[in-house]
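I opened my notebook for a friendly look around this model.

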Amino acid sequence: MKKNLLILCAIILGITLVLPSCKNRTGASPKTGAAYNQRRPGSLQISKKTKPAPGPGLVHIEGGTFVMGGSNIDDIGYDFAAPKRRVTVATFYMDETEVSNVDWLEYLNWTVQVGKDLRWYYEAMPDTLVWRSPLGFNEPYVNNYFRHPAYRDYPVVGVTWEQAVAYCQWRTNVVNENALRTKGVMNDWKSYSAATAGNGKSGKSSKTASKGTAPNTQPFDLDLYLQGQYNDIGKGAPKNLNAQQTAAAGKRGTSGTASNGRTAKIEDGLFTPGRYRLPTEAEWEYAALALLGNMSENNINNNKIYPWYGLGVRSPDRKTRGQIYANFKLGAGDNMGVAGYLNDAADITAPVKKYLPNDFGLYNMAGNVNEWVYDTYRQLSFDQTEDFAPFRGNNFKNNVYDSQGKIQTMGVTNIPMTEAARSGKKEDYLSQSARFQSQSTQSPSTPEPKDTLMALQKVTFKADQRGALDPQNLDLYGRITMVSDRSKVFKGGSWNDRAYWLNPGTRRFLDQGESTSEIGFRCAMSSVGDPQIDPSDTPKFKKKRSKVGRP
């Protein structure tokens with residue numbers, strides 16, 4: 001009895017010691033001791049530490065090390081464009097499927113009904129003339145492939161690299177606006193619909209405004225929202241705990257929600273963890289190989305040639321023996337096999353979920369259509385890029401701000417104007433003073449000025465590093481090379497390619513403004529926080545109790 005009582009006392013004492021430390025970690029600063037989320041100036045407002053869910057359609061892919069180009073068993077062109085090199089890919093997200101025709105139709109529909117920009121609509125349309133061939137009858141595809149319901153779930157083609165990048169930017173804005181309105185951070189879709197139906201772009205419905213700020217009916221852009229250029233605060237907006245900020249918000253907006261809430265910040269964790277973009281070449285190859293199902297305890301048991309297991313392109317299983325794993329061209333004049341038993345059941349492209357996914361759950365990472373990646377092509381890229389998150393094609397840009405510190409936009413689209421980045425590091429205050437309140441006196445963080453002679457020696461910075469270490473030579477372009485800073489990589493093989501190109505290590509390039517009936521794309525997104533998707537998969541060290549605050 002006495003022993004049990006001692007154990008109980010020890011447990012209670014342990015809980016008493018642990019609880020204050022937990023409270024300090026979540027409710028107060030561990031460095032200053034000042035409480036968070038207090039209704040006073042100087043108290044930092046923080047949200048719960050969360051790992052936000054990705055946007056719709058994405059699969060979470062745990063990063064790791066692999067041999068880039070390692071699956072390529074033959075260099076038929078003898079160009080040595082894909083040498084083997086071990087690299088590490090950070091954890092990221094990738095679309096489960098290629099972007100389909102219906103996805104692109106949604107994009108075009110938005111440019112007309114919300115963007116109201118006919119030029120954007122025209123320039124975003126895929127080039128359906130890519131189906132035309134001088135010695136082939138493909139005219140039915142010119143008229144039907146993109147718009148007919150029968151091809152709704154087929155991958156969109158005739159899209160340039162530039163169009164794909166613009167789609168990613170648009171998708172980022174639409175997904176984040178939908179999340180903010182669905183969660184009530186901005187006015188919900190019902191209020192938005194009422195505002196657009198009754199007052200066009202003004203959005204000043206008296207019924208809506210009486211509940212808070214009027215819904216913003218201009219095209220949404222994430223950068224503009226984060227800059228505070230939309231005054232659209234819904235019932236579920238984060239509370240503004242700072243009294244001074246609350247008063248200022250009440251003056252700017254109307255009564256109700258506007259006086260109690262504020263626009264969301266990145267610190268709130270309400271946005272997508274990253275922005276939609278094209279996958280880098282390393283990410284795409286890593287995701288296509290999907291070595292996850294072929295490893296145990298940090299060891300890869302066998303290499304792969306294709307996204308599936310085995311050396312061939314046909315299934316060895318008894319029930320599906322001989323069936324083709326992907327959509328590709330088996331040989332000259334053989335695109336789909338013999339009638340009555342079509343081998344890959346596709347004459348041109350196939351639906352984006354036609355075949356089995358790989359071990360990451362991604363469909364058609366080999367065959368169907370080639371896919372654009374983000375990288376600029378160079379033959380020697382593998383020898384020069386970083387071994388962590390390798391990428392070639394950085395073109396650093398900044399948003400353009402006016403004298404009021406607001407982001408300038410292009411036309412009626414609300415897409416920010418950009419300019420080449422002027423520096424490779426944070427610029428000094430005086431060069432950015434137009435964006436902030438002008439302050440001539442120095443602050444405690446004002447850096448010590450450099451020596452006069454050192455200041456005259458300015459370090460040159462190139463915002464466009466697509467040709468880093470291997471610049472383009474336009475004097476030779478069109479004569480002995482077709483490679484330039486506009487050359488973008490595509491991978492994966494298509495319905496009209498032989499099996500060799502289904503290997504994830506192969507790579508080709510095309511001008512960023514060109515398109516074909518054999519190239520599509522899918523989107524990717526960077527992950528944030530812990531790179532382990534499921535930390536319980538690996539053993540963990542036992543944590544010792546913190547000694548902070550203990551005598």
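**Surface patches**

The model is predicted, so I kept its limits in view: local features need pLDDT of at least 70, side-chain atom pairs count only at pLDDT 80 or more, and totals for chains, interfaces and linings use all residues. Residues are numbered from 1 along each chain as its sequence is written, and side-chain values use heavy atoms, with hydrogens and water left out.

For patches I took residues with over 30% relative accessible area and no salt bridge, joining like charges within 9 Å and nonpolar side chains (Val, Leu, Ile, Met, Phe, Trp, Tyr) within 5 Å. Accessible areas come from the Shrake-Rupley method with a 1.4 Å probe, and for residues only the protein chains shown count as cover.

I looked up Lys544 and found it in the segment after strand 17 (524-526). Lys544 is exposed at 80% relative accessible area (buried is under 20%, exposed over 50%, partly exposed in between).

A nonpolar surface patch also turned up: Leu474, Tyr477 and Met482 have about 300 Å² of accessible area together. Met482 sits in the loop between helix 14 and strand 14 and is partly exposed, at 49% relative accessibility.

**The sheet**

Helices (H or I, at least four residues) and strands (E, at least two) are DSSP runs, numbered from the N terminus. Two strands pair if DSSP finds at least two bridges between them.

I traced an open sheet of 4 strands in the order 15-14-9-16, with mixed pairing. Strand 15 (508-511) and strand 16 (519-520) are its edges, each pairing on one side only. Strand 9 (residues 370-376) and strand 14 (residues 487-491) run antiparallel and are joined by 3 bridges. I also noted Trp372 opposite Phe490 of strand 14.

**Salt bridges**

I counted 21 salt bridges, each a side-chain nitrogen of Lys or Arg within 4 Å of a carboxyl oxygen of Asp or Glu.

Which residue pairs with Lys491 at 3.6 Å? I found Glu285, with 3.6 Å between the closest N and O atoms. This pair links distant parts of the chain, with Glu285 in helix 11 (residues 281-289) and Lys491 in strand 14, 206 residues apart. Glu285 is buried at 0% relative accessible area, and Lys491 is buried too, at 1%. Both belong to a salt-bridge network that links Glu281, Glu285, Lys491 and Arg507.

Next I checked Arg378 and Asp470, whose side chains meet in a salt bridge at 3.8 Å, N to O. Arg378 lies in the loop between strand 9 and helix 12 (381-384) and Asp470 in the loop between helix 14 (452-456) and strand 14, so the pair ties together parts 92 residues apart in sequence. Arg378 is buried at 3%, whereas Asp470 is partly exposed at 25%.

My last entry is Asp511 with Arg486, a salt bridge whose closest N and O atoms are 2.8 Å apart. Asp511 lies in strand 15 and Arg486 in the loop between helix 14 and strand 14, so this pair ties together parts 25 residues apart in sequence. Asp511 is buried at 18%, and Arg486 is partly exposed at 36%.

Conventions: Buried means under 20% relative accessible area, exposed over 50%, partly exposed in between (1.4 Å probe, protein chains only).
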